[in-house]
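Look at the sequence and the model shown here. The paragraphs that follow go through the model part by part.

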Amino acid sequence: MAVGHAQNHQGKRIDSIIDHQNQIKDSIEAFFYKPKSIKHIRSIWQQKIDGKVEKQDKKELDILEIVEKKMNLYLLIVVILAVRGVIISDFMSRNPTYDNRATLSTNIISTLIFRSSLHCASHCTRNDECKSIMFNMDTHSCQLLSVHMSDTGPQTYTGWLYYEKKFDCSIWHQRLGHWYILDTNERTFNDSRSFCASLSPPSYVIEVNSQAENDWLTELTLSHCGMDTFFWLNGYDTDNSGTFTWIKSQTPTNYTNWYTAQPNDNLGTGSEKCIASGTGYFEGWHDMPCSWTFPVVCERDL
Ligand SMILES: [Ca+2]
Ligand SMILES: [Ca+2]
């Protein structure tokens, strides 16, 4: 009787230890749990309400129930942070390299106070000029920045978190008082002109008027969108003189960035009446036959 009681007691203890261990294991999983998206969580809860939880979501539902029942306050905070991370990561990416770095006042579009980095980030996504944010966790200051940070200075400040807006290669981008869009399809020069003109609002093949605009063409095509190739420019050599005129603005190409020994009408006088700019290995402008095919960046005024 006494032995049986002892065994029973021992069994209960072991059960309780295993139970306790499982609880710790579940809690640890819950701690590191990062939901795929709010939509995903909603769908799991809906499945629970409907009484039909899909097999692959069962484990996740268990974790969500731990979040709900066992560690309400603590895990609520964890989930809020995780969900917030998901939302931000949809359109902004975190880059701790630039946390606590000084920002140049010329790059600050505005400084506002927001409750959270999420509010700060969503403000940036609604502003075309905004490329990144610095959010201070202590003061809740939110700096909207017009550039991606690239300095290598010391991290001298405290509490500042840095987020970058993700770059979308398929949409219009505002720079230097103009709008630009990249199209990766290769076309002849005339087809590229027609393509840009057909966009809404209508635009023209990029006319590069300054070093800054030339740098931006490289940044857009090569740095952001990984295209090491040639892109049409809107210059044309009407009289085969080797001097080019911008078709849209009807001005001479005062700023130029010719590649070594270009323009050279390589295939005979008047054979290369168009210009394509190499953005990577052949960085610089080349006169080219207009019938060759390259992708294009279209430009339009504000
Ligand atoms: Ca231009
Ligand atoms: Ca040439």
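How many helices and strands make up the secondary structure of the protein chain? There are seven helices and 14 strands. The model is a predicted one. The chain has 302 residues, and 24% of them are buried. Among its contacts with a separation of 6 or more, 65% are between residues 24 or more positions apart.

Strands of a sheet pair through backbone hydrogen bonds, either parallel or antiparallel. Here an open sheet of five strands has the order 1-5-3-4-2, and the pairing is antiparallel. Its edge strands are strand 1 and strand 2 (108–113), each of which pairs on one side only. On average, and with direction ignored, neighbouring strands of this sheet are turned by 25 degrees against each other.

Strand 1 (residues 92–94) pairs with strand 5 (residues 160–165) over three bridges, in the antiparallel sense. In this pairing, serine 93 stands opposite glutamate 164 of strand 5. Strand 5 is also joined to strand 3 (residues 132–136), by five bridges, and these two run antiparallel. Asparagine 136 has tryptophan 160 in strand 5 as its bridge partner. Leucine 112 is found opposite cysteine 142 of strand 4.

Apart from neighbours within four places in sequence, valine 296 is in contact with Asp183, Arg187, Ser192, Phe195, Cys196, Val205, Phe231 and Trp232.

Helix 2 (residues 38–50) has 13 residues, and from its first C-alpha to its last it reaches 18 Å, close to the 18 Å expected at 1.5 Å a residue. After helix 2 comes glycine 51, with a positive phi near 75 degrees. Helix 7 has 14 residues, which should span 20 Å at 1.5 Å a residue; its end C-alpha atoms are 18 Å apart, which agrees. The buried residues in helix 7 are Asn214, Trp216, Leu217, Leu220 and Thr221. These buried residues pack against strand 6 (173–175), strand 7, strand 9, strand 12 and strand 14. Just after helix 7, glycine 226 has a positive phi of about 65 degrees.

Most residues other than glycine have a negative phi, and most peptide bonds are trans. Which phi does asparagine 240 have, positive or negative? Asparagine 240 is not a glycine, yet its phi is positive, at about 55 degrees. It lies in the loop between strand 9 and strand 10 (245–246). Asparagine 240 is partly exposed, because it has 13 other C-beta atoms within 10 Å. Glutamine 250 likewise has a positive phi of about 55 degrees although it is not a glycine, and it lies in the loop between strand 10 and strand 11. Glutamine 250 counts as exposed because it has 7 C-beta neighbours inside 10 Å.

Cis peptide bonds are the last topic. The bond from serine 200 to proline 201 is cis, with omega near -5 degrees, and proline 201 is placed in the loop between helix 6 and strand 8 (204–205). The bond from glutamine 262 to proline 263 is cis as well, with omega near -5 degrees. Glutamine 262 belongs to the loop between strand 11 (251–252) and strand 12. Why does glutamine 262 count as buried? It has 20 other C-beta atoms within 10 Å, and a residue is buried if there are 20 or more. Not counting residues up to four places away in sequence, glutamine 262 touches Trp285, His286 and Asp287. Glutamine 262 and tryptophan 285 are 23 residues apart in sequence, while their C-alpha atoms are 7.3 Å apart in space.

Methods. Residues numbered from 1 in each chain as written. Chains lettered and ligands numbered in written order. Predicted model: local features only at pLDDT ≥ 70, side-chain atom pairs only at ≥ 80, totals over all residues. Contact = placed C-beta atoms within 7 Å. Pairing = 2+ DSSP bridges. Helix = DSSP H or I, 4+ residues; strand = E, 2+ residues; numbered from the N terminus. Buried ≥ 20, exposed ≤ 12 C-beta atoms within 10 Å, placed from the backbone. Axes fitted to C-alpha atoms, helices over the stretch in contact; angles between N-to-C directions. Expected span 1.5 Å × (residues − 1).
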